[in-house]
Amino acid sequence: MSERQGTLTRRNLLKTAGAAAGAAALGGCLSGDGTDSAPSGELSTAFGNCWMCSHNCGQKAYVQDGTVVNLTGVDGHPRGSAGPDTEGTLCPKGLAQLDKTHDPKRIKEPHIRDEDGTLRKVDWETAFEETAKRLVAFAEENGSETFLDATSWAETNIFRTVWRDLYGSPERLSRGIHVCAGPTFVTGGMMGVGSNNRVPDYQNSEYIIAWGRNILNSFAGQFEAKGVLEAIEENGATLVTIDPQHTITAQKSDEWMPIEPRTDGALALAMANVIIEEELYDEEFVENHTYGFEAYREAAAEMPPEEAAEITGLDADQIRRVARGFAEAAPQAGISVWTGTAQAGNGWKATQNITALNGLVGNIDRPGGLRLWKYPATASFGQVCEEDYTPRAEYKEPALKKYDEYSDYPVRHIEGIAHNLVPEMVENGHINGIVCHHDDPLKDGNADAWVEAIEAMDLVISIDAYWNGVSRRADIVLPEATQLEKDTLGTGNWSAYPNHKWITGSKAAVDPQWNTKPDFDILTGIADAMAERTDNDDWTIFQQWDSHEEYIDDQLSTLDLTLEELDSGETNYELLEEYDYEQYGEDFTFRFDLDQVSSFATAAEEAGMDTAPEWIPPGTYGDSTSEEYPLEFTDVRSVFFSHGSNQPHERLQDQFAKRNQLSEEDYRGNYLYLHPQDAEESGIETGDLVTIESKSGSGNLMAIVTERARPGFVTSQYGFGQTSAITTGEDARDQSADGMNTMTLHDTQMDPITGQVDRHIAVDVTPAGGD
């Protein structure tokens with residue numbers, strides 16, 4: 001029963017259950033009980049696939065007495081090496097999997113929230129029974145269509161079957177589109193190349209542009225950084241970095257273009273202007289394989305390098321030099337683009353303009369260019385399921401498309417939901433519950449409103465390895481095993497093998513620690529409990545498999561492989577079918593203008609934008625700086641930390657502090673990087689605590705004053721801050737001990753087409769005072 005109907009809710013319970021008693025109870029849940037004795041038995045080896053950023057770098061685990069004592073990479077691994085006969089390595093996040101597996105701070109047992117608001121430990125049978133009981137009651141009272149599936153990148157694919165097909169929720173919050181790089185993914189799909197527009201064929205390239213990407217510090221697998229370095233060493237490739245900050249990648253580049261934030265779309269059009277005016281484009285490819293070139297030519301003609309220089313803060317001669325270098329190296333020229341240009345209000349047009357450059361120079365699916373990577377054909381759930389079942393959400397319409405309250409949001413024509421609008425949907429009664437798995441939406445945008453929304457929901461289920469802002473507020477907490485404690489199967493496209501499909505898999509290196517379970521077992525446990533409580537026989541469909549390994553073997557049946565065969569010998573991967581370049585054939589069309597895509601044409605018209613490439617200035621959507629908030633802020637990624645259920649561990653925090661030359665400080669949160677010019681105006685020095693404030697929120701960070709920052713532009717690391725302070729009991733600490741959740745500065749800013757969170761925020765930075 002919701003608060004709108006005047007009865008007792010979770011939010012009331014959380015507020016009235018007694019702050020001291022509740023905090024003390026949680027403190028007991030969070031206390032550690034690590035082992036005192038070091039492993040001493042026989043050493044064995046096992047494999048894993050690192051999931052700390054969901055990109056499956058191969059791991060070799062060394063196990064002693066049921067404890068992982070060391071981790072290394074797997075030589076030749078598609079994601080974790082530079083290819084055949086090369087060393088496999090792990091980044092700091094991957095190495096931290098060792099810490100995570102045996103971390104005494106993990107959630108060790110299931111918990112259920114009682115009617116008085118107390119979160120108490122229970123056994124798994126009780127946890128599953130209570131989960132089923134509350135899911136049935138929720139569906140009867142609210143309708144399952146108001147339950148939000150916020151599960152991202154779990155190591156098993158059955159979460160979609162559980163929450164959408166069986167429970168019947170059409171509401172799916174995807175990390176990929178909604179909070180990672182929606183404009184990049186969706187624009188690439190509409191233009192004809194899919195999300196492959198992110199990752200070029202590094203090893204064969206002669207000219208690489210890292211556009212808003214710090215490839216040598218934040219990558220989708222070790223193969224990216226190694227591929228770039230191999231191209232430089234073997235091919236003499238030119239590396240260009242386009243980034244407001246002087247990153248590690250910029251430091252190693254032949255050209256650094258310190259662009260004004262959110263002006264990437266203007267730069268891309270200016271480069272097209274040079275390439276078209278000087279007839280450096282691939283006329284044959286444009287003639288035979290593209291649509292909308294004339295509209296693109298007109299947009300580029302309106303952005304000569306001199307005008308772009310005024311907008312971007314770059315030099316017109318450098319713009320010409322880079323445009324010519326890229327076109328002359330094509331088709332062995334690639335652009336690496338991802339979140340850096342997507343997480344802004346004008347990110348759609350920036351991505352469209354950047355992606356268009358690939359069609360212009362004809363590097364599509366050619367060596368060294370924009371590769372059309374291929375996945376292996378593993379069996380889908382529908383193919384391996386022996387039982388018939390009815391997908392219950394198949395004809396249910398998501399609230400964003402269904403209700404008039406959202407008619408002012410163009411995103412409804414493209415996506416079924418938008419992260420920043422969830423609090424509004426909760427207030428309207430269109431979302432009343434949530435399951436969070438491999439994600440922490442309180443760190444993904446509009447954080448303060450999300451906290452209120454979570455507390456107002458009638459049912460919150462958290463499947464996680466750690467206590468965080470969601471799990472501490474949940475009704476049901478189901479402790480998940482970590483990657484090395486479960487059987488996994490990884491499939492992918494882009495890798496160090498541009499001519500091979502590939503697959504990787506591994507059995508659990510150690511048994512689940514404490515009283516935790518792998519996600520497959522958690523989801524099938526919920527399904528079995530639902531089968532007992534309902535008259536819907538579809539919930540029994542998982543009973544055909546006795547284990548996750550059996551299910552994985554069925555998935556691998558199309559490849560004539562088993563998990564046992566994958567996870568044996570010296571590797572845990574298999575190179576599969578080879579495929580060539582230029583796969584697209586004569587009928588392939590690369591779209592410059594998207595006027596033929598009706599959903600986008602409608603959304604674009606409502607958003608006030610063209611369907612062809614164009615320049616949209618910063619502030620058209622999202623924040624503009626002002627006298628009150630004179631600085632532009634965004635958060636960035638680091639090789640040390642990741643997202644969702646991957647929490648920053650103490651060793652990583654120490655390494656991060658050491659890299660920033662602040663290891664002598666007690667502070668172990670995220671840092672705010674600002675230029676000396678901005679620091680001097682406020683009397684701020686490196687090591688000072690500062691307050692960063694937006695119109696939506698504020699918080700404290702430790703400052704780092706550096707010439708590598710851009711004047712007027714400040715950044716911090718994403719993923720810190722629990723959004724839930726513990727103030728009493730054994731584990732008492734201030735929220736600032738975990739760093740600052742950067743999204744407490746954020747409100748509803750977003751790309752209007754995909755709903756991608758706009759992480760560029762107008763802020764002010766002042767000294768915080770104190771030590």
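**Entry 1: aromatic pairs**

I searched the whole structure for aromatic pairs and found 26. I counted rings of Phe, Tyr and Trp (its six-membered ring) as a pair if their centres lie within 6.5 Å, with planes under 30 degrees apart taken as stacked, over 60 as edge-to-face and the rest as tilted. The model is predicted, so I kept local features at pLDDT of at least 70 and side-chain atom pairs at pLDDT 80 or more, while totals for chains, interfaces and linings use all residues. Residues are numbered from 1 along each chain as its sequence is written, and side-chain values use heavy atoms, with hydrogens and water left out.

I looked up Phe285 and Tyr584 and noted that their ring centres are 6.2 Å apart with the planes at 80°, so this pair is edge-to-face. Phe285 belongs to helix α11 (residues 283-289) and Tyr584 to the loop between β18 (573-578) and β19 (590-591), so the pair ties together parts 299 residues apart in sequence. For helices I took DSSP runs (H or I) of at least four residues and for strands runs (E) of at least two, numbered from the N terminus. I recorded Phe285 and Tyr584 as buried; here buried means under 20% relative accessible area, exposed over 50% and partly exposed in between (1.4 Å probe, protein chains only).

I then turned to Tyr667 and Tyr671, a tilted aromatic pair with 5.6 Å from centre to centre and 55° between the planes. Tyr667 counts as buried at 14% relative accessibility, and Tyr671 is buried at 1%. I also noted a cluster in which ring pairs link Phe381, Tyr389, Phe520, Phe542, Trp545 and Tyr551.

**Entry 2: charges over rings**

I looked for charges over rings, which requires NZ of Lys or CZ of Arg within 6 Å of the ring centre and within 35 degrees of the ring normal. The charged end of Arg198 sits over the ring of Trp338, 4.5 Å from its centre. I found Arg371 over the face of Tyr581, at 3.9 Å from the ring centre.

**Entry 3: salt bridges**

Side chains of opposite charge can pair when their charged atoms come close. I counted 33 salt bridges, each being a side-chain nitrogen of Lys or Arg within 4 Å of a carboxyl oxygen of Asp or Glu.

I examined the salt bridge of Arg175 with Asp444, where the closest N and O atoms are 3.1 Å apart. This pair links distant parts of the chain, with Arg175 in helix α7 (residues 175-191) and Asp444 in the loop between β13 (433-437) and α19 (447-456), 269 residues apart. Both Arg175 and Asp444 are buried.

I next took Glu255 and Arg321, whose salt bridge has its closest N and O atoms 2.5 Å apart. Glu255 is in strand β10 (residues 255-257) and Arg321 in helix α14 (residues 316-329), 66 residues apart. I noted Glu255 as buried at 14% relative accessibility, whereas Arg321 is partly exposed with a relative accessible area of 43%.

In a further salt bridge, between Asp635 and Arg759, I read 2.8 Å for the closest N and O atoms. Asp635 lies in strand β20 (residues 631-636) and Arg759 in the loop between β24 (713-717) and β25 (761-767), so parts 124 residues apart in sequence are tied together. Asp635 is buried at 4% relative accessible area, and Arg759 counts as buried at 0%. I also recorded a network in which salt bridges that share partners join Glu155, Glu480, Lys486 and Asp519.

**Entry 4: around helix α14**

The axes of α13 (residues 305-312) and α14 come within 8 Å and cross at roughly 115°. That makes α13 roughly perpendicular to α14, a term for angles of 65 to 115 degrees, with under 35 counted as roughly parallel, over 145 as roughly antiparallel and the rest as oblique. The axes of α10 (residues 264-277) and α14 come within 9 Å and cross at roughly 65°.

Pro331 is placed in the loop between α14 and β12 (333-337).

**Entry 5: positive phi**

I found phi of Ser54 near 70°, a positive value in a residue other than glycine. Ser54 is in the loop between β1 (43-49) and β2 (58-64) and counts as buried at 10% relative accessibility. Gln661, also not a glycine, has a positive phi of about 60°. I located Gln661 in the loop between α24 (650-659) and β21 (671-674), where Gln661 is exposed with a relative accessible area of 73%.

Key. Axes fitted to C-alpha atoms, helices over the stretch in contact; angles between N-to-C directions.
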